[in-house]
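Work through the exercises below with the sequence and the model open. Each task is followed by its solution.

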Amino acid sequence: MAIVHEGSGGPAAERVELAHLEAVALWERAAGGLGAAPCSGPAGHRVTAALGALTGPGRPWRLLADRRTRGDRGLGVELLLVGPPGVFVIGVQRWVPRPAPRGGRPFAGGGHGVGGEMDGPGAPGHRDLAALRAAADLAEQGVAAIGLSPLAVSPVLVVDGHRLDTVLGRVHVLGTADLLPALLRLPARLPADRVDAVAACLAAAFPPAGGRRCGGARPGEPFPAGRGLPGGGPSPGGDGRELFAVWEVAEALRAAALDAPLEHWMTFLHPAQVALARRRFTGPARIAGAAGTGKTVVALHRAAHLARRDGGPVLLVTCAGTLPRVLDAGLRRLAGPHVAARVETTSLPGWATGFLRGRDRAVALDPRRARAALRTAWARTGRASVLAALCDDPRYWSDEIEHVIKGRGVTSYEQYTRLHRHGRRAVLRTRQREAVWRLYEDYERLLAAGGIADRPDLIAAALDEVRRLPPGTDYTAVIVDEAQDLSLVGLRLLHALVGDRPDGLLLVGDGQQSVFPGAFPPQDAGVRLRGRTEVLRVNHRGSRPIAAAARALVDGDPHDDAGVLVGADHHGPVVTPRDGPRPHRVVVPDATSHDQALLAAVGDLVPGLAATGPPRAAPAPGGAPYGAPPGGGFVPPRRQDAAVLCASAAQADRYAALLRRAGIPTLPLHRDDGAPGDAVRIGTYLAARGLEFGHVFLPHADGAAHDDRAHDDSADRDAADGVTAHVGTAHVGTAHVGTAHVGTAADGATTPGAAPAGVAGSVVAAVAGELAEVERRRRYVGMTRARETLWIGVIRPPAPDS
Ligand SMILES: Nc1ncnc2c1ncn2[C@@H]1O[C@H](COP(=O)(O)OP(=O)(O)OP(=O)(O)O)[C@@H](O)[C@H]1O
């Protein structure tokens, strides 16, 4: 998902003037409409006249009057309105007594209904409101065929004779005079040229009722605007002052002009996405899909749809720390503040921390000191053990403890001895498991002595607390984005919030993008998903060449069927409709020329820098000019959103410093608040999960991975050299057998290793293979963040004998 920015309209004075003129014109047309014959009594007549003013030749609004739902039970839908803000299913209040506003909410008159409330069983408005909601459901179904999001359909109840602007569940309740200002204030969702297509879908879903004439329209026909011209005589249902106040409409028009137009995906979705946003699941469910297939978009639309339909609260939780901010911004623009307020967007650790604090049971989470504790435990317990012979980097064993042992809720050695370590390629024998367990116990002792907790402790503490006393908030649904990185304990925690209720738990993600070990079958967490797995197959983000290069990187890797979300490729092919330039792969002999090439390429994106700032690289061997299409020719980048993504935080820091020294503004991903600007975003592959950028740069993306074979005929040489196990962050084995030095010690990002011969050789090789696999998956995440162009820097020193 991209971070969305707010937009702005034209010069202020001009906007005010135009808005006022338009408001006056609308008032005259509406007042003229009052002169036509009445329908639905005086109230309906006023509403029809007001709405009719919006329609007419050259105006992007259509009004369908007097419609009925198919096979309905006598439920009349009085008006269907389509315009730039979407579809409105409008009913006019008919019951007696009239609801009156009280404290901003509509209440039925005294003596009727439950405690005077307008809705709810037995209340006077209940039947009409239910009918309106049912009609809105039907409208959603009707327009789903052309990919319109359910969020673009709103039921509106108009209460004549009162000033009201409030929400009852998903129904917007408005006074007649509040109707136009409220509609015109809404951001535009539909382009004018789609309004007729949407109106046609609605006309099919709601056939004409037949019968009364409404505002001069034949039953079932679009309302002819402006019937009964200004001065057409006194209205039968009241006078023009009850239609709306010109200044309020002018203010609404002016405010709407300030809104940036919504992006395409906020209104029109792929039909498969609309179906999933509205789908009723009978229990826990999952949506898988390769990178860019619109999973997060579905998660957002579904969260908003469920919050509107059921009232919420909905918990939209993500396993990627940088994502909640993006989701929250997307949701606000997509669904507006009323609905966004009913969706809680957060990260899993963020939710757990807030929940435990609220219970006065906060844990002292301190990941930095926890990492230090692990290093200490390794130095005194691990390094001298059999583990060092398999992998001498404590981070490998830290992953074992964090994700395999604690993440999967293993609390005893007996459990650990029986554990199938899905995704970990090395089979550990008893002696090795004993050594891991000793390391784990020592680590736990150090955490306890320091009074600190790591992330798994936080999640486990939250689960214990939820089991002791469920949270006060009764979530109607929990939607998890990037769920491939959810731990078993995390899944138990989220499942505990909603159980197996219909539409309760939804896991959204892509197993191919899983960046941690510790996979587990969902049933181990008590979650049954059978028959409720859906897959998205259209890549809306990247171009075909980028998608192909990324897939080639991981294609040869084994599938692990155990995860909560297996790779979407596992479920069938992905379609990428968009073409674009091939990834630009720069292969250079040393770090200096690599960095120069990167600066030159990034500099091309930042106005003014290319000419003055960074040193230019020599033409890259084997690489086309940056951004060049397959046929050649330089194509200047069109957008400013660029990111440099790295394998490690140390590498990201180093490149941030390099770019800054060259005068290129940078912004770390974890500090990106979505504000517009030319700063180049910098962070790790992990921090970029779920995000996207127009232009992505992957420095030091070394490694003889599958992509080398796809795009570089020197791959055969790599294979001959044996440079096949480039690992992400660890030195593998006690013997480092590297034929080439790549990366720098400071990066720790790309160190070749090879398995030594010997008794433990096969396990060492398995560990190396696994690390290489994880590195490829992380790089795959980095590559698939690119929408338009992808730059890959590779250092390949000349072969020793050349
Ligand atoms: N129906 C659509 N029409 C146009 N654009 C779309 C549509 N659905 C999604 N997109 C766009 O495609 C891009 C990818 O969408 P999204 O982030 O939801 O994919 P994803 O499957 O969650 O990706 P990833 O797993 O790689 O994070 C975004 O820019 C989004 O706005």
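**Exercise 1.** Which residues in α11 meet which residues in α13?

The model is predicted: local features need pLDDT of at least 70, side-chain atom pairs count only at pLDDT 80 or more, and totals for chains, interfaces and linings use all residues. Residues are numbered from 1 along each chain as its sequence is written.

Step 1. Locate helix α11 at residues 367-382 and helix α13 at residues 394-406; helices are DSSP runs (H or I, at least four residues), numbered from the N terminus.

Step 2. List the contacts (C-beta atoms, placed from the backbone, within 7 Å). From α11 come L374, R375, W378 and G382; from α13 come P394, W397 and S398.

Step 3. Sort this contact by class: four residues are nonpolar, two polar and one charged. Ala, Val, Leu, Ile, Met, Phe, Trp, Tyr, Cys and Pro count as nonpolar, Asp, Glu, Lys and Arg as charged, and the others, Gly among them, as polar.

**Exercise 2.** At what angle do the axes of α11 and α13 cross?

Step 1. The two axes (lines fitted to C-alpha atoms over the stretch in contact, with angles from 0 to 180 degrees between N-to-C directions) come within 10 Å and cross at roughly 105 degrees.

Step 2. Therefore α11 is roughly perpendicular to α13, a label for angles of 65 to 115 degrees.

**Exercise 3.** Describe how α13 packs with α15 (residues 430-450).

Step 1. Their axes come within 10 Å, crossing at roughly 80 degrees, so α13 is roughly perpendicular to α15.

Step 2. W397, E400, I401 and I405 of α13 meet V436, L439, Y440 and Y443 of α15.

Step 3. This contact has seven nonpolar residues, no polar and one charged.

Key: Helix = DSSP H or I, 4+ residues; strand = E, 2+ residues; numbered from the N terminus. Parallel < 35°, antiparallel > 145°, perpendicular 65-115°, else oblique. Contact = placed C-beta atoms within 7 Å.
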